[in-house]
Amino acid sequence: MTTSTVSNEAILGIEGERQVPFYAKRGIALVRGEGAYLWDAGGRRYLDAMSNYGVAVLGHADPEFAAALSDQLATLTTGHQSFGNDQRAELLDARASVLPAGLDRSFLSNSGAEAIEAALKMARAATGRPKVVAAKRGYHGRTLGALSATAEPKYRTPFEPLPIPVTHVPFGDVAALEAAVDGETAAVILEPVQGEAGIYPAPDDYLAAVRAACDRAGALLIADEVQSGFRTGVPFACAGAGVTPDILCTAKALANGFPIGLTTTTAAVSGAMPAGAHGSTFGGNPLACRAAVVTLGALRERGLYERSAHLGQRIVTEIEGRNYPKVRAVRGRGLMIGIDLKERVTPTLRGLQDHGVLALAAGNLTLRLLPPLIWDDTQVDELLAAMDWVLG
Ligand SMILES: Cc1ncc(COP(=O)(O)O)c(C=O)c1O
């Protein structure tokens, strides 16, 4: 069935009247997905080039994923972390195959912001220090602690004063970071590839210099891989850069759309955590853990890291080669791609949607692509055809 019994207009009307208006709506209601495609309530098909901000790495309604979750729904959905669970234990084992060596201890939650919140609390408790250093244009989520580290004034201003004292330094500037990190610094938190800022990979050697500055000051390094996790051609971009953080946060792609957050740290940091000091009712539930186990297996067995690296390179090369007059620059790491425009991005985003492609903005001037990792050359061809229409 490709049409819904309820129209786009009816659905958007209800949401418009009854939701707190935090979101600018994009004019359609998505009611179904299959593989790399989504359908709106009017039965129109769209190529998904955003995967819900980097979540649906296996695409939509993946049969193996759906069967595993359905089996788990019929087995056990919820269970507190004060009891053991087979699926949780399996995930805690499976995660070792993707995480840098030395990051052995995990806390499970339900979202990216929760993963960051736990990391900030761990850093404060382990060091006994109050301050955090983060990057300008960095994004770490909207809960009050994560928001303290998020740079964008539009997100921060309505909620100030924020609880954590954070110094924001220019991303990639080693001297500025070294000047900001001192004996009061609990942690430096960075995205190895800045996502919301417009897809900016850390410059070569930057993360290693940050690691060294943290070590000199006795501060912890937190890698926020909530967006970059699993889609840059390797499981984690910080490991790709040869750097092991003290705490690594991931979420989004980890369970292919089932809500999850994972904060992983060293035995030393974990050993400094007071028992009972943090927790989550839903965190580590069997359904989320099963979803993550299936996703991690599929990413590896279907060769999706290699595919992301190959397809991402093809998209960047093809867009550069087309010399679209409206495009200023293209950047990418795997299937995390930012395309800077010479004009505001909204009309381009709207044009792509009208041509059946759902993409994202990052700021006012950057078009962002975070497609499912199951794309193949067919979807890249479709994307490029739509881009030729809209940007050519
Ligand atoms: C780098 C990064 N950190 C944290 C978050 C927050 O994740 P969530 O929206 O799941 O709370 C995001 C979300 O976009 C993100 O991109």
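Trainee: What makes the 7 strands with the order 4-12-11-10-7-5-6 a sheet?
Mentor: Pairing does, and two strands pair if DSSP finds at least two bridges between them. The sheet is open, and its pairing is mixed. A strand here is a DSSP run of E with at least two residues; a helix is a run of H or I with at least four; both are numbered from the N terminus. This is a predicted model, where local features need pLDDT of at least 70, side-chain atom pairs count only at pLDDT 80 or more, and totals for chains, interfaces and linings use all residues. Residues are numbered from 1 along each chain as its sequence is written.

Trainee: Why are strand 4 and strand 6 said to stand at the edges?
Mentor: Strand 4 (105-109) and strand 6 (166-169) each have a single partner strand, so one side of each is left without a neighbour in the sheet. Neighbouring strands of this sheet are turned by 20° against each other on average, direction ignored.

Trainee: How do you know that strand 5 and strand 7 pair?
Mentor: Count the bridges. Strand 5 (residues 131-135) is joined to strand 7 (residues 185-190) by 4 bridges, and the definition asks for at least two. The two strands run parallel. Val133 has Val188 in strand 7 as its bridge partner.

Trainee: Which strands make up the open sheet of 4 strands?
Mentor: Its order is 1-2-3-15, with mixed pairing. Strand 1 (30-34) and strand 15 are the edges, because each has a single partner strand and so lacks a neighbour on one side.

Trainee: What makes strand 2 and strand 3 a pair, and in which sense do they run?
Mentor: Strand 2 (residues 37-40) and strand 3 (residues 45-48) share 3 bridges, in the antiparallel sense. At least two are required, so they pair. Leu38 is opposite Tyr46 of strand 3. The two strands form a hairpin with 4 residues between them. In that turn, Gly43 has a positive phi of about 90°.

Trainee: How do you know that strand 3 pairs with strand 15?
Mentor: There are 2 bridges between strand 3 and strand 15 (residues 357-358), and these strands run parallel. That meets the cut-off of at least two. Leu47 is bridged to Val357, and Asp48 to Leu358.

Trainee: Why is helix 14 called oblique to helix 15?
Mentor: Two packed helices are described by the angle between their axes and the distance between the axes. Axes are lines fitted to C-alpha atoms, for helices over the stretch in contact, and angles run from 0 to 180 degrees between N-to-C directions. Helix 14 (residues 346-354) and helix 15 (residues 377-391) have axes that come within 9 Å and cross at roughly 130°. That makes helix 14 oblique to helix 15. Angles under 35 degrees count as roughly parallel, over 145 as roughly antiparallel, 65 to 115 as roughly perpendicular and the rest as oblique.

Trainee: What is the angle between helix 3 and helix 12?
Mentor: Helix 3 (residues 63-73) packs on helix 12 (residues 286-301) at about 155°, with the axes 9 Å apart. Helix 3 is therefore roughly antiparallel to helix 12.

Trainee: What joins Glu160 and Pro161?
Mentor: A cis peptide bond, with omega of about 5°. Pro161 sits in the loop between helix 7 (153-156) and strand 6.
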